[in-house]
Amino acid sequence: MNQVQQEYPRLVLIVDDQEINRDAVEIALEMNRLGDKYICIFAENGKEALELINEHISELSMVILDLMMPVMNGFEVLEIMSRDRQYRHIPVIVMTADDTAELKALELGADDFITKASDASDIICARVHRIIELYERKQIMTDTESDPITGLLSRNYFFVHANRMFHSKQDTPMDAVVVNIEQFHTINAVNGRGFGDRVLRELGTEIQAILSEKDGFMGIASRFDADRFAIFCLSQEDYAPILDRLQKKVDSISPTVSIHIRMGVKKFQQGMEPIILFDQARAACSLVRGNYQAPLMVYNEEMRRKEEFNQRLLNDLNTALEEKQFLVYYQPKFDIQCNPPRLKSAEALVRWKHPEFGLVSPGDFVPLFEGNGLISVVDNFVWGEAARQIAKWRDRYDFTLPVSVNLSRADIFDPTIVDRLIHLVEDNGLSFQDIKVEVTESAYADDAQKMLDLIRKLREVGFEVEMDDFGSGYSSLNMLSSMPIDVLKMDMKFVRNIEENETDMRLVNVVLDIARYLNLRVVAEGVEKEGQLKLLKDAGCDLVQGYFFSRPLPGDEFEKLIENEVRLNRKD
Ligand code: C2E
Ligand code: MG
Ligand code: MG
């Protein structure tokens, strides 16, 4: 069981209308021979006391309460505290000169007594020590307040303690550390919950062992949820040895199961509350998810800037929509089996022309807005622009260029999506072949059934569906055969090294074979060089999108490509 060490000062509220009595208790606590340290705050009556209790509710370790006071007496304070659960973790010792008041005070929830004037300071200290210790132990031992598997503090109680330490030791540097087990759900699923629990227990025990050592590595620890551990400890120069030791511990559990842990650290920052420190430690920890080579990350200035940047983007979204700061660029897709290659379609790609940050890439804001559903507002705008652009080109050149739009993984949960696309087609006098829909492969991992339903509906209406970023994530052949798609967009990483690396080229051939087998056309993305183009053409790839042909362009610049295609069409 985790021990709460009395290594940091406890905050004690002394309530008495007589200054001399308040001073007497403070002096007694200061002189105590048990080695305990206390920080005392004072109130002159019950009303002031309640104000201070509320202000310090999470840090307060004890109230020493006089009973007879003006304005509001001690009984009334006790009564209020006994009625409200939020005060139940704060013990109260009553000070009185009147023996007859004892019973009433006890009935109202007082924990102990000090008899004014007659109790020696040692007795006062012993009582305060005992009651605080009892309360803290009781709290830890309550099921909800300690973790039954590891014996470490529960999340809530951990923060009660961390806050106390923070407030009472403002100038002692304490770091926040988060430890996480990679793929813990898989470890559980494959080896059984019993094994999973054992991993948690061993890790928890090792963390506690480190904290209990006498070399100044003082602190408290908790298991937050599932496989996430939190440690609040005296600031350390280097956390690598600690991570190393914890990794060795989990390595020793089983010779056959490989377990990897990662660690995020937020170093002490003057005045920053524990809850914020831990948010940042967690952010650091999630950045090294899956990074088995470098599993330790200390929250740094760059991460802070990134978080601030993200926050700015979130705040600025509405203004950006109002002020039309979003722009739609178009990147061509060429049929490379023709000679010369012919323009077949384009992809609409969003850009944010931010008044302060300049052109912001979708890589910066799409994942951010996907996290909170805001992306559908942006997507809706992009689709509208793309539809209007197709109609504009058709009217100007008497030539219809199909444009594909990206559907975000958040969009697949939106039941209005198909109707919105249908309206768009109808409102702009287009046909369903003019707009194509790109669905990212990674959405499959979120909800395969929803994705399947959506793709079916889109195709029933007559839209073509392209599977974007194929091969970038969790896709499986099983997924491919179950998804009724038309086109497979091969992720850029397949193409990048095909000139230099034979294995990569072989992989491209495998993808092309599978696509042929499933009757799917293939778009190779990220083609930048002539050599890559030639290899893809020889391998039988149909369509190519990439800087070799063109970067994504604003609508008016893209017109040159259309004009060229219209010229070639006339020649045919
Ligand atoms: P994506 O849909 O796979 O789009 C292709 C990305 O590859 C584009 O990046 C494009 O500029 C880039 N690219 C094209 N050819 C080359 C090349 O030859 N070399 C290299 N290195 N890159 C190339 P972009 O525009 O930054 O978009 C990134 C991602 O953001 C897109 O990947 C897509 O997932 C997302 N996105 C873009 N626009 C939208 C949108 O309107 N809605 C949604 N939901 N997502 C969008
Ligand atoms: Mg795309
Ligand atoms: Mg793509």
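Buried means a relative accessible area under 20%, exposed means over 50%, and partly exposed lies in between, as computed with a 1.4 Å probe on protein chains only. The structure is a predicted model, in which local features need pLDDT of at least 70 and side-chain atom pairs count only at pLDDT 80 or more, while totals for chains, interfaces and linings use all residues. Residues are numbered from 1 along each chain as its sequence is written, ligands are numbered from 1 in the order in which they are written, and side-chain values use heavy atoms, with hydrogens and water left out.

**Exercise 1.** Find which residues coordinate the magnesium ion (ligand 3), and where Asp469 and Glu525 lie.

*Solution.* Begin with the donors, which are N, O and S atoms within 2.8 Å of the metal (3.2 Å for Na, K and Ca); water is not among the atoms, so sites may look incomplete. Next, place the residues in strands, which are DSSP runs (E, at least two residues) numbered from the N terminus. Asp469 belongs to strand 16 (residues 464-470) and Glu525 to strand 18 (residues 521-525), so the pair ties together parts that are 56 residues apart in sequence. Finally, consider accessibility: Glu525 counts as buried because its relative accessibility is 9%, whereas Asp469, at 22%, counts as partly exposed.

**Exercise 2.** Decide whether Gln331 is buried or exposed, and which side chain it joins in a polar contact.

*Solution.* Gln331 has its place in strand 11 (residues 326-335), and it counts as buried because its relative accessibility is 7%. Its side chain is joined to that of Gln545 by a polar contact of 2.7 Å, a polar contact being a pair of N or O atoms within 3.5 Å, where within protein one must be able to donate a hydrogen and the other to accept it, and residues adjacent in sequence count only if both atoms are side-chain atoms.

Notes. Helix = DSSP H or I, 4+ residues; strand = E, 2+ residues; numbered from the N terminus.
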